[in-house]
Amino acid sequence: MRTLIGGMVRPRTGDLVLAAVTRLGQHRKIEQPNGRRAALHVGDEILVAYADRYAPDQYESHVPDDLRRAQLVASGGIASAMLTRSLDVRAPTDITPIGLVGDQHGRPLNVADFALRPAPPPRKRPRTIAVIGTSMNSGKTTTIHFLVHGLSRAGVRTGVTKVTGTGSGGDYWVMLDAGAHVMLDFTDAGLASTYRQPMPQIERTFVELNDHLTVAGCEVNFIEVADGIYQRETSRLIESEIFRSTVDVVLFAAPDAIGAVAGVAHLRSRGLDVAAVSGRITRSPLATREAQDELGLPVLDLAQLGDAAAVAGLLGVDAQLLDAPVAEIPVSRPSPDLTLVGSPEDPDDADDHPAPDEAMLHGDGTRLAGRR
């Protein structure tokens, strides 16, 4: 970062921008590179990235055509111009761009400039499991969290990647805390957001992230596909041949029985093998029973997701991997003094990671506290 670029400039998705906070709205904290959420004040200057956002529970927004007023539409650090918003959230925090951040030659810096290099294609990939849901906040991240925690404690090297969505560090830290051997997402591939990105770019990102997990020595790969099955990028990705040829089995996260039944039927019609249902539906024993009766599939609560022996058989994970000696492969870990996104200590940040998504229940109806 050496220069600021102003004037008649049209920002691109992924461009870094220095902006001043002019009015506080929904997002009153911003995520720092180490994961800590910093409180915002009017007059603060922040470094964020331009990107489009798709979030039915929050905002729909596009990158503006110029450097006039914009909004902070995600606390992970996304600048955009709001088009629509859910009535469940406040108006977004207003920011005034000061200038694009450039290098010593006055060239704008972009998230894509710092992407991982493509990994060499592996000869053989491990068991690959995708988690898809009805919508955002249906329980996808929590499903993977507890699968990873259970398998990791049983000695399995798990890899996790989130291949679509809006840039935020919350999922990253949660998966490492659960014991993931490697966690990557689309920001590592150079995208601040996947919304409105060309399909060839989405597919290339999908392949590269999975290759990186495999090359890093992961024995089971988990893929989270953000948002709902009708979201444009999600819909086109799960219908692609490259997705079907990579993913071995799917878990579907839903908030209720009708969502579970409709979603499973939709995925099966696309040739995907759905092994089980999970998600917020498990908050209700009655809804769980309805879905099981209609689908003939198990509906897994948190305790069951964390049972490595049970899920290994259900998902086709090689039982010989359980409790096997694990080779020491160095993996970067977060510093231990971080405050996780969406934790009870950060009530202002519950907008991006609301409590209900973490609130799936044990089979006996008791709430399981998240690991912090």
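How many nonpolar, polar and charged residues does the lining of the largest pocket have? By class, this lining has 17 nonpolar, eight polar and four charged residues. Here Ala, Val, Leu, Ile, Met, Phe, Trp, Tyr, Cys and Pro are counted as nonpolar, Asp, Glu, Lys and Arg as charged, and the others, Gly among them, as polar. The model is a predicted one, in which local features need pLDDT of at least 70 and side-chain atom pairs count only at pLDDT 80 or more, while totals for chains, interfaces and linings use all residues. Residues are numbered from 1 along each chain as its sequence is written, and side-chain values use heavy atoms, with hydrogens and water left out.

The largest pocket holds about 1,000 Å³ of space. On a 1 Å grid over the protein atoms alone, a pocket is an open set of points with protein on both sides within 12 Å along at least five of seven lines, a cavity is a set of points where a 1.4 Å probe fits but cannot get out, and lining residues have an atom within 4 Å of a point. Grid points are joined across faces, edges and corners, and a volume is the space filled by probe spheres set on the points. Of the 29 residues that line the largest pocket, Glu31, Gln32, Pro33, Gly76 and Thr187 lie nearest its centre. Strand S3 (29-31), strand S4 (37-39), strand S5 (45-50) and helix H2 (170-178) are the elements that each give two or more residues to this lining. The largest share, four residues, comes from S5. Helices (H or I, at least four residues) and strands (E, at least two) are DSSP runs, numbered from the N terminus.

Seven of its nine residues are buried, so H2 is largely enclosed by the rest of the structure. Buried means under 20% relative accessible area, exposed over 50%, and partly exposed in between (1.4 Å probe, protein chains only). The buried residues of H2 are Gly170, Asp171, Trp173, Val174, Met175, Leu176 and Ala178. These residues pack against S3, helix H1 (140-153), strand S12 (158-162), strand S13 (182-185) and strand S14 (220-228), where contact means heavy atoms within 4.5 Å. Just after H2, Gly179 has a positive phi of about 110°.

Asn137, in the loop between strand S11 (127-133) and H1, has a positive phi of about 65° although it is not a glycine. Asn137 is buried, at a relative accessible area of 15%. Asp227 belongs to strand S14, and its phi is near 60°, again a positive value in a residue other than glycine. With a relative accessible area of 10%, Asp227 is buried.

Ser235, in helix H4 (residues 232-238), counts as buried at 17% relative accessibility. Leaving aside neighbours within four places in sequence, Ser235 is in contact with Ile229 and Tyr230.
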